[in-house]
Amino acid sequence: MIRLDDLIDELRRHHPDADVDRVRKAYIFSAQAHRGQTRVNGEPYLIHPLEVSYIVAQLRLDTASICAGLLHDTVEDTVATIQEIEEQFGDDIAFLVSSLTKLEKINFESAEEAQAENFRKMLIAMSRDLRVVLVKLADRVHNMRTLKYLREEKQKRIARETLDIYAPLANRLGINWIKTELEDLCFKYLHGPEYKRLAERIKKTRTEREQYIERVIADLDRSLREHGIEAQVTGRPKHLWSIRQKMKNSGRDLDHLFDILAFRIIVDRVSTCYEALGMVHSLWRPVPGRFKDYIALPKDNNYQSLHTAVMGPENERIEIQIRTGDMHQTAEFGVAAHWTYKEGQYGLHSKGADARFGWLRQLLEWQRDLKDPTDFMETVKVDLFANEVYVFTPEGDVKAFPRGATPVDFAYTIHTDLGHECVGARVNGTQVSLRYELQNGDIVEIQRQKGSKPKPDWLKFVKSGRAATKIRAFLRQEENARAFQIGQEVLEKELRRYGIGLNKLRRTGQLEQALDNLKFKTEKEMLVALGYGKARPEYLLPELLPADKLTEPDPEPKRESAFQKLVKKVLPRPKGGIIVDGLEGLALRFPKCCSPVHGDDIIGFITQGHGVTIHRKDCARVLDYDPARRVPVRWDTGGRQARPVEIRVCSSDSPGILASMSQSFHNAGINITEVNCKTTPDRRAVNNFTVLVNDLEQLNRVMHMIERIEGVSSVERIAS
C-alpha cells in the first residue's frame with residue numbers, strides 16, 4: 001500500500017524542488033473529504049487517490065498534477081466543491097479537478113451518450129491542459145488493478161471501455177507501459193479462460209525462455225563490443241495481449257508463433273543506432289519486409305526506434321528494437337517524458353506540441369462536427385486504434401493513415417473540397433482505383449473534377465475518421481435538402497385544401513407562433529421533419545391554421561353496411577401483418593432495400609401495379625417517392641409473420657466460429673435461408689446471413705448473442 005511519504009519521495013526523485021507542503025495539504029483535504037468512505041473491497045477510499053497520485057508521480061508530472069490526483073474524486077463523491085478547491089489550491093488545480101469530474105448532473109438518454117459526452121469533455125480539457133488525460137489514465141490504471149472486486153457485468157463494461165478508449169489513448173500519447181498494462185488487464189476480464197490458459201502456457205516455458213533470452217543478450221553484447229559500440233541490451237517476452245493478437249491474426253498456435261520475444265538495444269547517438277543495425281544484420285539473417293525505420297519517420301505519438309526481425313539462435317525469429325536513451329524515455333513515458341511544465345504551457349499550443357498532437361486536433365474537430373454519440377465514439381475508436389501507414393504528397397510531405405486507407409482518405413486529409421471532388425488517383429505515377437489500399441512510401445496524387453460529389457459507397461472502404469465524418473456530413477446535407485423540398489411540397493398541398501398558402505402564414509406571424517408551439521427551432525427544421533416522415537401534416541395543421549378553418553365540416557363518412565361488417569369478421573386479416581389506414585384490399589410489397597420487420601418504424605407508398613410498398617422510415621429510398629403517394633401504415637399486432645433480414649458478421653477466420661453463429665440462430669428460433677462467407681488474407685472473415693425473423697426484438701436478441709461469441713468483432717443489419 002502506498003503511503004504519503006512514498007508519494008513525496010517519488011515526486012522529489014523527478015522534481016527535487018517540488019512544493020511538497022502543497023501535496024501534504026491536498027492529502028489532508030482528501031482524507032477529510034473521504035472520511036468514512038470505503039471502496040467495494042472494504043478498504044478506506046483514501047487509498048485510491050493515493051495510488052492514483054503515485055502513478056501520476058511515476059509519470060514524472062508536477063506538483064499540481066499530484067494534487068489533482070489526490071483530489072480528483074472529492075467533488076464527484078463528497079460534499080467538497082470546486083469553489084473550495086479553487087480557494088485552497090488555486091485556479092490551476094481547480095481546473096484539473098473540474099475537468100476530471102464526470103458530467104453527473106446531466107440526464108443522458110443512454111450509457112453510450114454519457115460515455116461520449118464525458119469523453120468530449122476530456123478532449124476539450126486536454127486541448128487546454130494535457131495533464132488532464134494523464135491523471136485520468138492514472139485513475140483508470142488503478143481502477144483496472146482493483147477491478148476484481150466488482151460484479152462480472154461491470155467488470156466487462158469497464159474493461160471494454162478501457163480497451164476501446166483508454167489503452168489506445170495511452171498508445172497515442174506514447175505511454176507504452178500504461179498501454180500494455182491496461183491491455184493485459186482488459187484481456188483478463190474480457191476473455192478470462194483464454195487469458196488463464198495462455199498465462200499458464202507461457203509460465204510453463206519460462207525457464208527455457210529465460211535461458212534463450214540470456215543467450216541472445218550475451219551474443220549481442222559480445223558482438224557490439226567487438227564493433228566498438230557501447231550499448232545496453234535487454235530482452236523480454238511480449239505482453240499477453242500482444243501474443244494473443246498475434247495468434248488471432250496469424251491463425252497460429254503459441255507453439256508455432258514466431259517473434260514473441262523482443263530485444264532492445266539502447267545507444268547514445270542516432271548514428272550509432274544505424275551502426276548497431278548493421279551489426280545485428282551481419283550477426284543474424286534479417287527477415288525480409290520486417291525492417292521499419294521510425295527514426296526517420298516517427299509515429300504520430302513521437303515514437304522513434306529502428307525495428308528489425310532476424311532469425312536468431314536455433315533459427316528462432318526474434319524482434320530487435322534499436323534506439324537512443326532519449327528515444328527510450330519517450331517510448332515509455334510519451335508526452336510526459338520531456339514536457340516543459342515549468343514553463344506553464346500544457347496545451348495544444350505549447351512549445352513543441354504542433355508535431356505531436358495533430359491527431360488530438362482532429363478529434364477536437366470531430367467532436368464539434370459529430371453530434372450523434374454513436375458516430376462520434378465510432379470515429380474516435382477507429383482513429384485511436386489506427387495501425388498506421390505512411391505515404392507522401394507530391395511535394396514530399398509525410399501523411400499518416402490507418403492501415404487499409406485509400407486515396408479518398410488521403411484527399412480528405414489534404415482538404416474537404418478535394419475529398420468531395422475526388423474522381424481518381426495516381427500512386428507512384430500509376431493510375432489506381434479509389435479503393436486502392438495505400439502502402440508505406442506511396443506517393444499519392446489526387447485527380448479532382450469540379451462539381452463532383454462523394455458517393456455513399458465510399459463509406460464502405462474509407463478507413464480514417466475524418467473522411468467518414470466528412471462524407472456522412474455531405475450526404476446528410478444532401479438528404480436534408482431533398483427532405484426540405486419534399487416537406488415544403490407536402491405542406492403547401494395540405495394548406496391549399498383549406499384555401500391558404502405558406503407565405504400568408506409567414507406574413508401573419510402564425511407560422512412563427514406555430515413553430516414555437518410545435519417545439520421546432522426553425523421553419524426549415526419543421527419542413528425537413530415533414531419530408532422525412534418524422535412529422536405528419538395532421539399533427540402540424542392544428543397549429544398552423546386558424547381555428548375557424550379547422551372547424552369546417554368534412555364530408556360525412558360513408559357508413560359500413562351490415563353485410564360489409566359481416567364480411568370483415570369472416571374474411572382473414574390482410575396478409576403481411578400491416579394495416580393501411582383508410583384503405584383495404586391492397587397488395588403489400590416489402591422491398592429488399594430496407595427489409596422491414598415487425599417493430600420497425602414504417603411508412604407506406606402507393607405504387608402503380610404493386611399496391612402499397614412498405615419501407616422503414618429511415619430507408620434512404622423513401623425520399624425517392626412522390627410524397628403525394630404516402631399513406632399511413634402500422635403493424636397489425638395480430639398478424640405477425642417471419643420476414644427476411646440480412647445480417648453481416650465480421651470475425652476472425654478461426655475453426656468453429658461459423659458453427660457458433662449458426663447455433664446462436666438456432667437457439668433464437670431463427671431459420672437461416674442463405675449464407676455467404678468470405679475470408680481475407682489477414683485471416684479475417686465476413687459472413688452475410690439471410691434469416692427469417694418474427695420481429696425486431698427477436699432480431700436484436702440474436703445479434704446480441706452473436707456479438708458475445710469469441711472472435712466476433714462486429715454484427716450489423718444491412719440493406720441491399
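Modeller: The chain has 31 helices and 21 strands (DSSP runs numbered from the N terminus, with helices being H or I of at least four residues and strands E of at least two). Keep in mind that this is a predicted model, where local features need pLDDT of at least 70, side-chain atom pairs count only at pLDDT 80 or more, and totals for chains, interfaces and linings use all residues. Residues are numbered from 1 along each chain as its sequence is written, and side-chain values use heavy atoms, leaving out hydrogens and water.

On to your question: the search of the whole structure turns up 23 salt bridges (a side-chain nitrogen of Lys or Arg within 4 Å of a carboxyl oxygen of Asp or Glu). The general idea is that side chains of opposite charge can pair when their charged atoms come close.

Take Glu181 and Arg145, whose closest N and O atoms are 2.6 Å apart.

Arg244 counts as buried at 4% relative accessibility, whereas Glu710 is partly exposed at 39%.

Then there's Arg269 with Asp268, a salt bridge at 3.2 Å, N to O. Arg269 is partly exposed, with a relative accessible area of 47%, and Asp268 is exposed at 54%.

Buried residues make up 49% of the 720 residues in the chain. The largest nonpolar core has 94 residues, and Leu220 and Ile320 have the most contacts inside it (such a core is a set of buried Ala, Val, Leu, Ile, Met, Phe, Trp, Tyr and Cys residues joined through side-chain atoms within 4.5 Å). Leaving aside residues up to four places away in sequence, Leu220 touches several others, including Val233, Phe263, Met279, Trp284 and Ile320 (a contact means heavy atoms within 4.5 Å). A second, separate core of 24 residues includes Phe401, Tyr412, Ala468 and Ile471. Of the chain's contacts with a separation of 6 or more, 66% are between residues 24 or more positions apart.

Among the strands, S20 (residues 684-693) is mostly covered, with eight of its ten residues buried. S20 pairs with strand S18 (residues 643-652) in the antiparallel sense over ten bridges (pairing takes at least two DSSP bridges between two strands), and Cys650 stands opposite Val686 in S20. Strand S19 (residues 671-679) also runs antiparallel to S20, joined by eight bridges; the bridge partner of Asn671 in S20 is Leu692.

Notes:
Buried < 20%, exposed > 50% of the residue type's maximum accessible area, 1.4 Å probe, protein only.
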